[in-house]
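Have a look at the sequence and the model first, then read on.

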Amino acid sequence: MSTTFQLDTSTSRANPTPAPMKRLTVPEVRQRKVDGTTQMPIVMLTAYTARQAQLLDAHCDLLLVGDSLGQVIYGLASSVPVTLDMMIAHGAAVVRGSYHAAVIVDMPFGTYEASPEIAFASAARIMKETGCAGVKLEGGEAMAATVAFLIRRGIPVMGHVGLTPQAVNVLGGYNARGRSDAEAETILADARALDTAGAFAVVIEGVVEPIAIAITQAIACPAIGIGASAQCDGQVLVTDDMLGMFDRVPRFVKVYENIAETIGSAAARYAQDVRQRTFPGIEQTYQPRKI
Ligand code: KIV
């Protein structure tokens with residue numbers, strides 16, 4: 001089954017006609033950073049559904065099918081319980097809904113850490129069953145050999161260091177990382193190891209700004225920040241956070257809209273219409289044809 005976006009001239013709600021545009025490739029994203037400088041910062045947002053992807057696609061270089069979908073879509077307490085099947089279902093939907101951005105799918109906890117071979121089997125399923133452009137995995141030096149193994153076998157990899165949410169049970173929470181010299185050194189070494197292994201970009205999450213800047217300057221591939229620094233080579237946010245879907249958001253999120261309020265207000269007006277029998281009105285009902 002093809003999962004890539006098809007030009008569809010039907011009137012289906014699921015298939016609006018896309019503006020023709022070539023999809024960005026991973027090498028093009030990597031080449032944004034030349035000799036340590038990125039003229040055009042890389043724009044990345046998370047997407048979990050086809051419709052969300054359609055709306056974000058034209059504005060983004062990368063769409064990340066993040067395992068944050070565990071909390072955002074499924075109401076889980078963390079990303080730890082997220083499965084490969086969940087990531088593949090949402091990854092395929094996002095690929096179907098986009099035609100410009102390169103789509104990257106997170107490898108969920110427990111599907112890549114044990115060995116490079118296990119990681120390859122999981123990543124190959126993600127690539128084959130979603131049509132995505134690459135995968136993202138968490139961890140630094142400990143994952144470098146796996147990253148190199150995947151890349152040598154045709155799977156582009158984005159790294160993720162600093163606050164790595166899949167390690168929440170080891171870290172003990174979601175606090176910013178890199179406050180001590182030792183921790184800062186470890187995160188810098190992690191980012192360097194991923195860069196040397198061939199990662200095409202590295203997400204730096206929740207680290208104190210001077211460390212984020214030092215990493216950005218130290219690695220050859222683009223550093224994509226979240227709770228990091230505007231000096232990173234690009235930025236990523238969880239889309240539902242920046243749209244104001246949740247009451248509680250991390251300090252590093254800038255909330256651009258209040259969609260939760262819009263949805264609540266629409267639902268309240270609909271409920272009132274139903275209870276007052278003012279919906280459906282004449283415009284929304286089918287009447288017998290007059291002969
Ligand atoms: O899962 C996710 O959404 C992520 C981003 C926050 C980087 O990993």
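A salt bridge is a side-chain nitrogen of Lys or Arg within 4 Å of a carboxyl oxygen of Asp or Glu. Keep in mind that this is a predicted model, where local features need pLDDT of at least 70, side-chain atom pairs count only at pLDDT 80 or more, and totals for chains, interfaces and linings use all residues. Residues are numbered from 1 along each chain as its sequence is written, and side-chain values use heavy atoms, with hydrogens and water left out. Helices (H or I, at least four residues) and strands (E, at least two) are DSSP runs, numbered from the N terminus.

**Salt bridges**

- Side chains of opposite charge can pair when their charged atoms come close.
- How many salt bridges does a search of the whole structure find? The count is seven.
- One of them joins the side chains of D61 and R32, at 2.9 Å from N to O. D61 sits in the loop between α2 (50-56) and β4 (62-65) and R32 in the loop between α1 (26-30) and β1 (33-34), so this pair ties together parts that are 29 residues apart in sequence.
- Is D61 buried or exposed? D61 has a relative accessible area of 11%, so it is buried; the cut-offs are under 20% relative accessible area for buried, over 50% for exposed and in between for partly exposed (1.4 Å probe, protein chains only).
- D233 forms a salt bridge with K33, and their closest N and O atoms are 2.9 Å apart. Here the link is between distant parts of the chain: D233 is in the loop between β9 (223-226) and β10 (234-237), K33 is in strand β1, and they are 200 residues apart.
- D233 is buried at a relative accessible area of 4%, and K33 counts as buried at 2%.
- The side chains of D106 and K136 also meet in a salt bridge, at 2.8 Å from N to O. D106 belongs to strand β5 (residues 102-106) and K136 to strand β6 (residues 134-136), so the pair connects parts that are 30 residues apart in sequence. Both D106 and K136 are buried.

**Helix α6 and its partners**

- Two packed helices are described by the angle between their axes and the distance between the axes. Axes are lines fitted to C-alpha atoms, for helices over the stretch in contact, and angles run from 0 to 180 degrees between N-to-C directions.
- The axes of helix α5 (residues 116-130) and helix α6 (residues 144-152) come within 9 Å and cross at roughly 50°. That makes α5 oblique to α6; angles under 35 degrees count as roughly parallel, over 145 as roughly antiparallel, 65 to 115 as roughly perpendicular and the rest as oblique.
- Contact (heavy atoms within 4.5 Å) is made by P116, E117, A119, F120 and A123 of α5 and T146, F149 and L150 of α6.
- With helix α8 (residues 181-197), the axis of α6 comes within 8 Å and crosses at roughly 20°, which makes α6 roughly parallel to α8.
- Where α6 and α8 meet, A144, V147, A148 and I151 of α6 touch A193, L194 and A197 of α8.
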